[in-house]
Amino acid sequence: MKEDQQENIEPTSKSEKLSEDLKGTFGSLKSFLSDLLDIRSDTDRDSTIEAVKKDITFKGHNAWILIFSIFVASIGLNVSSTAVIIGAMLISPLMGPIVGIGLSVAINDVDTLRRSLINLGVMVGLSVFTAFLYFWVSPLTGSNAELEARTYPTILDVLVAIFGGLALIVAKTKKGTIASVIFGVAIATALMPPLCTVGYGLAEGNLSDAGGALYLFSINATFIALSTFVVAKLLGFPLVKYANSKRRKRIAQVASIIAIIVMIPSVYLFYNMLQESYFKQDAKKFVEEELMVYNESFLQKNATLAVYNSGNDPKIEVSFMGKEIPNSVIGLWREKMKRYGYLKNASLIILQNENTESFDQLQYMREFKRRDSISLMNKDERIVYLESELSKLSKYEQTQIPFADISKEAKINYEGLESFSYADKLVSNFNTIDTIPEFDLRWKKDLPKAEKLKNELKLKEWLAYKLKLDTLIVKSLN
């Protein structure tokens, strides 16, 4: 009897012991993670508020540092040098007013908020004017990849601004400033290149680029301020005390309204950019899986365009060369688009040339049908006449080039092509005279020489294949 009781007790004791060990392990892990990620104990709230307020004002040294760094960044953008742009961001004092806005809203400090907004306006105005002045007098003109990348925000820009803002305010709240982290954030959030691009757009008279760059700067600035607001609230920064309780209540209401006004558009913008990112991913997948496998015509990869337009009539536009694609195939593609979640409401636009083999043959048949008088001729006359017409048609096939369509396709394939001309060139070796098609190219001035040469060779191969010519001349005029 005692043995049975002992057997019943031992399993229960082992189970309880295992449960206690698991609880101890989870408790130790929880304690470890809490110590690892906790920043409250090492947060200096008073010093952080003081440091943020000190960095808000733009005058004296800060103003000159900003001007010089904007000049450096503008030069970097102008010559498309990433290293120079990063160097400019390292010395730029752009963060102060933006962080001040987020913190002042979090602690209900209207005076600091007003000062931050004023200095932010001064900072933006001074930066844009400096960049405008540089690009206005700069001998180097024309856009490049660095400038174009700052004309429209993407979901990645928003994520960089959010995590960059979080890193910055967390670094500032730590006892003892972490300069390297702040510099890293200055690089990551990239506030200065968009402002320089605004100046470039204004100097070039391109309001579209200027507006897009200002939009990108606004997005980055908004999410940095929003990150500061959230962290300050989570760390329990003390609210500013006012002697008048009614004024304090009114200030708190104003601060809350400002926070809501900032947050709602930001959340909507983030959602819209996320939708656009998913749309472009599905569009790329659709083109690769459905359109690229079509062997009857050639899909031009660099002529594929996916436009989201905030969900209002999204579209995918692709360009094909070669044989004309039947409407049944295009209809099948449009049906398959519906299988992709973010392409259900999108439209598919197929751009293709009409210079197919069947089109040319049809033209020849029409030409023959109009010659009813052939049947009235005698045998010898008909033979002579038909030989003459056949000779003409043979020359027509060799020399007739659909220049209008060829030039359109050349423009689609080569963005740096400024003009495209064609003429037949008579070449003699003193025994025979040949007619050779000659194509003259004129490229944009800012296009690198190596890229011009590469494009010229590629375009020559394409023309030879497209027009079925063994001999042709392609040369650049600049």
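Here are some notes on the predicted model above, point by point.

1. **Ground rules.** This is a predicted model, so local features need pLDDT of at least 70 and side-chain atom pairs count only at pLDDT 80 or more, while totals for chains, interfaces and linings use all residues. Residues are numbered from 1 along each chain as its sequence is written, and side-chain values use heavy atoms, with hydrogens and water left out.

2. **The overall picture.** The protein chain holds 17 helices and seven strands; helices (H or I, at least four residues) and strands (E, at least two) are DSSP runs, numbered from the N terminus. Of its 478 residues, 37% count as buried. Buried means under 20% relative accessible area, exposed means over 50%, and partly exposed is in between (1.4 Å probe, protein chains only).

3. **Contacts and surface.** A contact is a pair of heavy atoms within 4.5 Å. Among contacts in the protein chain with a separation of 6 or more, 73% are between residues 24 or more positions apart. The chain exposes about 28800 Å², with carbon and sulfur atoms supplying 58% of that; the areas come from the Shrake-Rupley method with a 1.4 Å probe, and for residues only the protein chains shown count as cover.

4. **Ser 74.** Have a look at helix H3 (residues 61-78), where Ser 74 is found. Ser 74 counts as buried because its relative accessibility is 0%. Its side chain reaches the backbone oxygen of Ile 70 at 2.8 Å. Leaving aside neighbours within four places in sequence, Ser 74 is in contact with Ala 131, Tyr 134, Phe 135 and Cys 196.

5. Rings of Phe, Tyr and Trp (its six-membered ring) pair if their centres lie within 6.5 Å; planes under 30 degrees apart count as stacked, over 60 as edge-to-face and the rest as tilted. By this rule the count comes to 10 aromatic pairs. One of them is the stacked pair of Phe 132 and Trp 136, at 6.2 Å centre to centre with 10° between the planes. Both residues lie in helix H6 (residues 110-137), four residues apart, about one turn of the helix. An α-helix has 3.6 residues a turn, so residues three or four places apart point the same way. Phe 132 counts as partly exposed at 27% relative accessibility, whereas Trp 136 counts as exposed at 58%.

6. **An edge-to-face pair.** Tyr 414 and Trp 443 form an edge-to-face pair, 6.4 Å centre to centre and 75° between the planes. Tyr 414 lies in the loop between helix H16 (403-413) and strand E5 (417-428) and Trp 443 in strand E6 (residues 433-443), so the pair ties together parts that are 29 residues apart in sequence. Tyr 414 is buried, with a relative accessible area of 6%, and Trp 443 is buried with 0%.

7. **A ring cluster.** Ring pairs link Tyr 134, Phe 135 and Tyr 200 into a cluster.

8. Asp 111 forms one with Arg 114, the closest N and O atoms being 3.2 Å apart. Because these two are three residues apart in helix H6, Asp 111 and Arg 114 are separated by about one helical turn. Asp 111 is partly exposed at 43% relative accessible area, and Arg 114 is partly exposed at 47%.

9. **Helix to helix.** Glu 409 forms a salt bridge with Lys 466, with the closest N and O atoms 3.8 Å apart. Glu 409 lies in helix H16 and Lys 466 in helix H17 (residues 449-467), so this pair ties together parts that are 57 residues apart in sequence. Glu 409 and Lys 466 are both buried.

10. **Strand to strand.** Glu 438 and Lys 425 form a salt bridge, the closest N and O atoms being 3.6 Å apart. Since Glu 438 lies in strand E6 and Lys 425 in strand E5, the pair ties together parts that are 13 residues apart in sequence. Glu 438 counts as buried at 10% relative accessibility, while Lys 425 counts as partly exposed at 36%. Lys 425, Glu 438 and Lys 475 are linked in a network of salt bridges.

Key. Polar contact = N/O pair within 3.5 Å; in protein donor to acceptor, adjacent residues only side chain to side chain. Salt bridge = Lys/Arg side-chain N within 4 Å of Asp/Glu carboxyl O.
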